[in-house]
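These are my notebook entries on a structure that I went through element by element. The sequence and model come first, and my entries follow.

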Amino acid sequence: MEGHETSTTNNSTPMTTKPTSESNSNSHHKKNDTVDGSSHSHILQDVSEASPLTDKNHDQRDLESATKLDTNNKQQLQQNQQQQHQSSGSFSLIERLRQQKKSRLLYLTTLSLSAILFIIIMFLIAFWPNVPSYMRMETCVTKECMIASQQLLLWANTTSNPCKSPFEWACGQFRKEYDGGEFFSVNKGEWDVKTHYDYENLRELNLFISTLPEKGISYSVDSLIPDLYKSCRQENLDKSQSDMLIKKAIRAIGGWQALPEFQPMQFWDYRSALKHLHSLYGVFPFYKITVDNRLNKPFDYIITIDKGDVGFPDQFFYNLDNKHEVIIAYNLLLRDFAINMGVVQQKADLFADGIFHYEQRIVNRISSLSKVKENQVITIQHLKKIAPSLPIFETIKALFPNVRITEETEVMVKNVEVLREMSIVVSTSDKRPLNDFIVWSLARNRIQYLSNDYSILMDKFQQSLYGLTKPTPRWLFCTKIIQDWLSLGVDALQQNPGLVKSSPGTNTNKLYPKIDGSMQQPRTEGNDELLRLIFYSIQNQMHHTVKNAQMPAPIQNYILEKLSVIRLQVGIPGDLIETKEYINKYYKRFIAENLFFAEDVDSMWRFRQTQLNEKLEAKGIDDTIISELYTNEDFKSIRYSSTLNMVLISKRLYQSNYYDYRFPVAMNFARIGSDITEVMFKVIDLYSRQYAEGLYYESNSTAGFTDILKFSQDCVNEDLLPKQLLPKDVRENIHVSLSATKLAARALTDFILSVDTKGKLHSGTIFEELKELNSKRLAGLKAYNHNELYTLGKMQKHCSAPIVDQNYYAQIKPHIERHITEKQLFEVIWKNIPFLQKAIDCAPNSQQCTNYL
């Protein structure tokens with residue numbers, strides 16, 4: 001029994017055991033198999049050992065009972081295994097369902113995030129700011145590019161809308177920059193860009209003079225310049241010395257009837273007075289004699305006669321009311337001069353009134369003339385018959401002592417009828433008013449060089465005429481004298497600084513004002529090459545323009561033929577200034593060693609008289625270039641020589657950073673390029689007049705002649721220009737400005753294309769530099785392409801700040817400077833050149849002038 005109980009206990013134990021996991025179930029199942037097998041053997045062993053002599057029934061029952069028990073255990077084991085398998089299958093299905101749920105959740109999450117990300121990307125694409133192409137372009141950071149950017153931004157107000165306020169956009173900061181400056185009020189009427197660069201040139205010249213040695217050989221140009229400047233600055237004439245100098249000059253022309261110290265009028269000869277006035281002092285009442293080019297072949301120099309000078313710069317002023325402040329100021333000038341000379345006030349008043357009305361009579365006689373052919377070439381003998389009362393023959397012989405002058409000598413007369421009228425005026429004048437007018441003509445040209453008692457009189461008149469509020473500083477006055485009198489010497493030394501033997505540095509002498517800034521070193525030859533490239537680009541564009549212009553074929557062919565062979569000269573020919581020999585020889589005849597600087601004025605005129613004589617002599621090409629550049633009354637940085645068919649460009653503009661080959665190409669075209677283009681248009685007009693002159697010479701007719709620079713004022717709005725009809729030469733200048741602006745823009749486009757594609761552009765050392773520069777943008781103006789830079793630069797050439805009442809100056813400027821005000825010119829150009837408006841995305845003006853090339 002003990003054995004049976006033990007067996008029962010052992011067999012019942014696995015039946016009550018419950019699997020907790022699939023692994024435990026398998027382990028338990030194997031354990032039960034082992035236990036059951038061992039238990040079964042143990043039971044049989046116990047039975048046989050316990051009762052070996054029991055009967056067979058009992059043994060049989062025990063065996064059946066054991067067998068049955070074993071069978072039950074096996075059935076129980078199978079049931080447990082089935083339950084375990086069922087439990088394991090259920091568990092696997094749940095896990096699979098759970099995994100599928102997780103996968104679906106992950107898929108949906110990924111899909112949602114992808115959709116959100118797609119929406120964000122599309123939103124960014126739609127609303128992301130568009131980066132302009134220019135922002136990806138390289139910025140030019142060279143010194144010259146920074147200077148160019150600074151110059152443009154200094155005057156512009158780029159925040160202003162150029163379509164609504166173009167002047168504010170281009171010139172909004174211009175007045176603020178110069179208004180109230182030391183020299184703002186010493187200019188005539190308005191401070192404009194030309195005034196700015198003129199002042200910059202004078203400032204640099206004054207600094208350059210201070211570096212020159214003050215002592216040296218008297219005829220050496222590098223010592224002549226500072227010595228003459230010093231004489232001018234230190235001039236301290238008193239009134240008695242001024243009286244002595246002016247009376248000495250009056251005595252040379254026969255005296256003045258208003259002063260008893262001179263000989264009586266019955267001995268005075270106006271013919272002798274006029275001859276001496278012209279030849280000794282370079283003063284030209286009634287008629288003016290100079291040297292100019294013929295209009296027909298061979299286009300050589302010829303003695304030329306034009307109308308003389310009067311007190312006002314134009315006949316316009318003599319038509320003003322007698323109570324106008326300018327007329328009153330002129331009468332005060334005349335009266336106070338006479339009083340200073342010792343004339344009592346009552347007679348001085350009569351003198352002033354008489355001079356004004358005598359000049360008014362001269363002007364009115366000329367203005368009433370009908371239009372006649374100009375620039376007629378006639379003999380002196382013929383001229384004497386036209387104007388018998390004018391001593392022209394005697395004056396010419398006195399002016400040109402080195403030239404053989406006879407009555408058969410040909411001269412060119414600007415207007416024959418003017419000389420006829422002048423002869424009539426002289427022949428019908430009493431001696432007293434005629435003497436007064438001749439004396440005043442002399443004094444008017446000398447007052448500014450005398451003591452303050454006299455010069456202040458002219459300053460007051462200039463203030464009234466031009467609106468000046470301050471007299472010109474002495475250093476500026478003397479620097480301008482040096483620039484006018486010794487222009488070749490100044491340019492030669494600046495073009496080749498090696499000609500100066502010693503440069504002690506900036507002079508600390510009080511004669512030289514302290515000026516901020518440093519001397520600009522001479523530019524490299526790259527600037528010369530730039531000018532040549534610009535010139536030939538403009539020449540090609542001009543050729544295309546004339547070829548497509550509506551004009552008669554004969555004159556068109558003549559212009560194209562002349563235009564195709566035109567040449568360019570930049571600066572003084574280099575071989576002339578390798579040493580100082582040529583320059584010293586040139587100025588050797590200028591003797592400036594007088595006791596007073598005022599006497600140097602007469603020495604300067606004698607020097608110029610020598611230059612006029614030499615113009616009539618045969619000379620080589622280099623001497624002709626020098627003569628064309630430096631022997632004219634008014635110096636121009638760009639000038640055309642019909643004798644050489646050559647455009648001459650001085651290097652003077654180098655000194656003020658007006659242009660540089662390292663500036664953006666568009667900026668150079670807007671400045672020096674448009675200047676060259678204006679000269680080229682005047683050359684085209686000259687070609688047309690040469691053609692007409694040839695027709696007249698051959699057939700005494702100008703049939704088929706075309707006026708190239710014909711400009712109608714009617715196409716310009718009345719609010720832009722004065723209501724009165726502008727003089728013909730002023731209208732022509734407007735036409736030139738419009739045409740040059742348009743043509744220079746087209747030339748710029750072709751030039752840039754040539755640089756980028758290596759087209760028809762002349763090859764040179766700066767080609768690659770220009771190409772690299774074209775791919776860059778200016779700092780602060782990076783959004784501006786070539787056309788926009790050209791527009792800004794061109795319109796800034798016409799920035800201005802009025803010094804006097806703008807309406808008053810708009811009336812007088814056409815009669816003084818032969819052009820409209822810069823503000824008016826700005827508006828005319830802006831509204832009549834659609835290229836400028838389109839360049840900055842503005843709608844072009846509907847009403848435009850179309851009668852320009």
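**Entry 1: the sheet around strand 9**

I looked up arginine 639 and found that its bridge partner in strand 9 is leucine 648. I note that the model is predicted, that local features need pLDDT of at least 70 and side-chain atom pairs pLDDT 80 or more, while totals for chains, interfaces and linings use all residues. Residues are numbered from 1 along each chain as its sequence is written, and side-chain values use heavy atoms, with hydrogens and water left out.

I took helices (H or I, at least four residues) and strands (E, at least two) as DSSP runs, numbered from the N terminus. Two strands pair if DSSP finds at least two bridges between them.

Strand 8 (residues 638–641) runs antiparallel to strand 9 (residues 646–649), and four bridges join them. Four residues lie between the two strands of this hairpin, and asparagine 645 takes a positive phi near 50 degrees there. On strand 7 (residues 567–570) I found parallel pairing with strand 9, also over four bridges. Here arginine 567 stands opposite methionine 646, and leucine 568 stands opposite valine 647.

The three strands form an open sheet of mixed pairing, in the order 7-9-8. Strand 7 and strand 8 are at the edges with a single partner strand each, so one side of each has no neighbour in the sheet. The twist from one strand to the next averages 20 degrees. Angles run from 0 to 180 degrees between N-to-C directions, and axes are lines fitted to C-alpha atoms, for helices over the stretch in contact.

Which way do the side chains of strand 9 point? Met646 and Leu648 point one way, Val647 and Ile649 the other, and all are buried. I used buried for under 20% relative accessible area, exposed for over 50% and partly exposed for in between (1.4 Å probe, protein chains only). In a regular strand the side chains alternate between the two faces of the sheet.

**Entry 2: helices on the sheet**

Helix 24 (residues 621–630) lies across strand 7, strand 8 and strand 9, at about 60 degrees to strand 9. Helix 20 (residues 526–547) comes within 9 Å of helix 26 (residues 728–757), axis to axis, and the two cross at roughly 115 degrees. I recorded the contact (heavy atoms within 4.5 Å) as made by residues including Leu533, Ile538 and Met542 of helix 20 and Leu743, Arg746 and Phe751 of helix 26. Helix 20 also lies across strand 7 and strand 9, running at about 155 degrees to strand 7.

**Entry 3: disulfides**

How many disulfides does the structure hold? I found four, counting a pair of cysteine sulfur atoms within 2.5 Å.

Cysteine 163 is joined to cysteine 842, S to S 1.9 Å. This pair links distant parts of the chain, 679 residues apart. Cysteine 163 is partly exposed at 40% relative accessible area, whereas cysteine 842 is buried at 8%.

Cysteine 232 and cysteine 478 form another disulfide, their sulfur atoms 2.1 Å apart. The torsion about their S-S bond is about -80 degrees, so this disulfide is left-handed. Cysteine 232 is buried, with a relative accessible area of 1%, and cysteine 478 is buried, also with 1%.

**Entry 4: glutamate 144**

Leaving aside neighbours within four places in sequence, glutamate 144 is in contact with Asp660, Arg662 and Phe663.
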